[in-house]
Structures are given as structure tokens and as C-alpha cells.
Amino acid sequence: FWFTVPMEIPSSDQKKNLIPPVEPKSNKPVAEINDKKTTETTSLSSDKQLHVLIVEDNKINQMLLSKFLAKRNHHTDIAFNGQEALEYLKHKDPDIILMDIQMPEMDGIEATKAIRKLNGAKSEIPIIAVTANAMKGDRDTYIAAGMNDYVAKPVDFDQLIKVINQNVPTKKLEM
């Protein structure tokens with residue numbers, strides 16, 4: 001899509017009265033600045049390390065979540081869709097799963113339903129929906145599918161920590 005913004009070019013007299021632009025205090029991208037803020041408010045001791053499975057088809061989102069968790073000494077693994085997540089669970093037991101909703105081959109809701117049908121402890125692994133679908137009622141849909149909670153994209157990392165703390169109480173994250 002495109003749009004048009006009608007603007008007037010100021011005269012030279014008007015330019016003198018303009019407020020100069022504020023220089024940014026940092027050359028870092030916004031994501032890193034926000035991540036730095038979160039780093040200052042969140043610390044983890046090595047005995048509270050989590051093993052997190054990130055089920056996400058977008059490489060940028062994979063990188064942001066992995067980097068955020070790795071900076072806090074957590075181990076992360078990536079699955080590109082629900083089918084890969086189910087295959088992964090045949091061999092490993094993560095502490096928590098961060099699950100995107102819209103993915104190719106098998107979406108997050110189908111994957112969650114399949115995980116909940118597994119035998120033993122794997123069916124009890126906390127699953128957090130991490131999705132841009134933030135309409136009223138979406139959270140209820142995800143909970144009904146078997147997910148434990150929901151975090152909207154773009155991810156507020158303080159909110160993510162809060163949700164993880166609520167769902168993995170034996171390995172509580174320090175704020």
C-alpha cells in the first residue's frame with residue numbers, strides 16, 4: 001500500500017523558528033535499547049536456567065527471543081512449525097514452549113492440541129502463545145486449545161518474564 005502526506009515547505013524565515021531536531025542518545029537499534037532496559041531490570045542466576053523451545057517460523061522473531069533468553073543464561077532450541085515441535089518432543093523435554101500461532105504445515109493451535117494428547121510429562125509442558133493475534137477473545141481460544149497463557153507481539157520482555165514465572169514456578173525468574 002502507499003499513502004500521500006500533503007506538506008508545506010517552510011520559508012527561510014519559518015525555518016529559523018523551527019526547533020532543532022533532538023539527536024538520539026544511542027546509535028543502537030530500538031530492539032537493542034529496549035533489550036538493554038530489560039537486562040538492567042532482569043537478572044538470572046545460573047541455577048535457574050530454563051530450557052525453552054521456541055516454535056516460530058519468522059527468523060527475526062526467533063533471533064529476538066533466543067537472544068533475549070540466551071543473555072539470561074537460558075538454553076533455547078528452535079522449531080519452525082508445529083510438526084517440527086512434535087518431532088523435537090520425541091527426543092527432548094523443554095521446561096516451557098513459546099508457540100507462535102500462524103505457521104506453515106501445522107499451526108500453533110494444532111500443535112498444542114497434539115502435545116496435550118502425548119503420554120506422560122510431555123503433555124504437561126507449559127505452552128505460551130506468542131502471537132500478533134491480539135483481538136478480543138483470542139486468548140480464550142488459545143487457552144481452550146490447551147495453551148497455558150498468551151503474550152502479544154511485539155513482545156514486551158517484562159511481560160514475557162512475568163508469564164514465564166506464572167507458568168514455570170519451580171524455576172522462577174528473578175526480576
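In which loop is the place of N73? N73 lies in the loop between α3 and β2, and its phi is near 65°, a positive value in a residue other than glycine. The structure is a predicted model, in which local features need pLDDT of at least 70 and side-chain atom pairs count only at pLDDT 80 or more, while totals for chains, interfaces and linings use all residues. Residues are numbered from 1 along each chain as its sequence is written, and side-chain values use heavy atoms, with hydrogens and water left out.

The helices (H or I, at least four residues) and strands (E, at least two) are DSSP runs, numbered from the N terminus. An open sheet of five strands has the order β2-β1-β3-β4-β5, with parallel pairing; two strands pair if DSSP finds at least two bridges between them. Strands β2 and β5 (149-152) stand at the edges with a single partner strand each, so one side of each is left without a neighbour in the sheet. From one strand to the next, the twist averages 25°.

Within this sheet, β1 (residues 51-55) and β2 (residues 75-79) are joined in the parallel sense over five bridges, and I54 stands opposite I78 in β2. Strands β3 (residues 96-99) and β4 (residues 127-131) also pair in the parallel sense, over three bridges, with L98 opposite I128 in β4.

Helices accompany the strands. Together, β1, helix α3 (residues 59-70) and β2 make a right-handed β-α-β unit; a crossover is right-handed if, with the strands pointing away from the viewer, the path from the first strand over the helix to the second runs clockwise. Helix α3 lies across β1, β2 and β3, and runs at about 170° to β1. Helix α7 (residues 157-167) lies across β3, β4 and β5, at about 170° to β5. In the loop between β5 and α7 is P154, which a cis peptide bond joins to K153, with omega about -5°.

Two further helices may be considered as a pair. Helix α4 (residues 82-89) packs with helix α5 (residues 108-116) at an angle of about 25°, their axes 8 Å apart. Axes are lines fitted to C-alpha atoms, for helices over the stretch in contact, and angles run from 0 to 180 degrees between N-to-C directions. The two helices α4 and α5 are therefore roughly parallel to each other, a term for angles under 35 degrees. In α4, G82, L86 and L89 meet A111, A114 and I115 in α5, where contact means heavy atoms within 4.5 Å.

Terms used: Parallel < 35°, antiparallel > 145°, perpendicular 65-115°, else oblique.
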